[in-house]
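Colleague: I am new to this structure and would like to be taken through it. Could we begin with the charged side chains and then turn to the core?

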Amino acid sequence: MKEIIRYLTKIKSVWSDTTQHGRLKAEVTAEALKFLELRAPSASKADRDAIASALQDGAIFRNSPPQDKENVHRTLLGLGCIIPSIKTLHDNQNLLRVG
């Protein structure tokens, strides 16, 4: 149970930082979440490029000003893990059950 609480806290922390402590929360659409989850921008050049392109093209955080998009990009690149979500929590739980 502690691991689940720790992971949920990680999700909250990452998304709080990404949305600049909730200020950009309205920009996190279902499409944006689906696009970002399971990406590892700090480890994958393809993920870094995809995120940069999506921010630039307005596919994610569409209505955010350029400076906010840059901050989101910097935050995501600074993660040392896969971008966490409830889906990654479920995937991790399933892996633990198999093992």
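**Salt bridges and core**

Modeller: In this predicted model, the side chains of lysine 45 and aspartate 49 meet in a salt bridge, with N and O 2.8 Å apart.

Colleague: Where do lysine 45 and aspartate 49 lie along the helix?

Modeller: Both are in helix α3, and because they are four residues apart, about one helical turn separates them. Lysine 45 is exposed, at 53% relative accessible area, while aspartate 49 is partly exposed, at 41%.

Colleague: How many salt bridges are there in the whole structure?

Modeller: A search finds five. One of them joins aspartate 68 to arginine 23, with the closest N and O atoms 2.7 Å apart. This pair links distant parts of the chain: aspartate 68 belongs to helix α4 and arginine 23 to the loop between α1 and α2, 45 residues apart.

Colleague: Is aspartate 68 buried or exposed?

Modeller: Aspartate 68 counts as buried, because its relative accessibility of 9% is under the 20% limit. Arginine 23, by contrast, is exposed, at 52%.

Colleague: Changing topic, which residues touch the most other members of the largest nonpolar core?

Modeller: Of its 17 residues, these are Leu36, Ile60, Phe61, Leu76 and Ile83. Helices α1, α2, α3 and α4 each supply at least two residues of this core, and the largest share, four residues, comes from α1.

Colleague: What does isoleucine 83 touch?

Modeller: Leaving aside residues up to four places away in sequence, the contacts of isoleucine 83 include Trp15, Leu36, Ile51, Leu76 and Thr88.

Conventions: Residues are numbered from 1 along each chain as its sequence is written. This is a predicted model: local features need pLDDT of at least 70, side-chain atom pairs count only at pLDDT 80 or more; totals for chains, interfaces and linings use all residues. Side-chain values use heavy atoms; hydrogens and water are left out. A nonpolar core is a set of buried Ala, Val, Leu, Ile, Met, Phe, Trp, Tyr and Cys residues joined through side-chain atoms within 4.5 Å. Buried means under 20% relative accessible area, exposed over 50%, partly exposed in between (1.4 Å probe, protein chains only). Contact means heavy atoms within 4.5 Å. A salt bridge is a side-chain nitrogen of Lys or Arg within 4 Å of a carboxyl oxygen of Asp or Glu.
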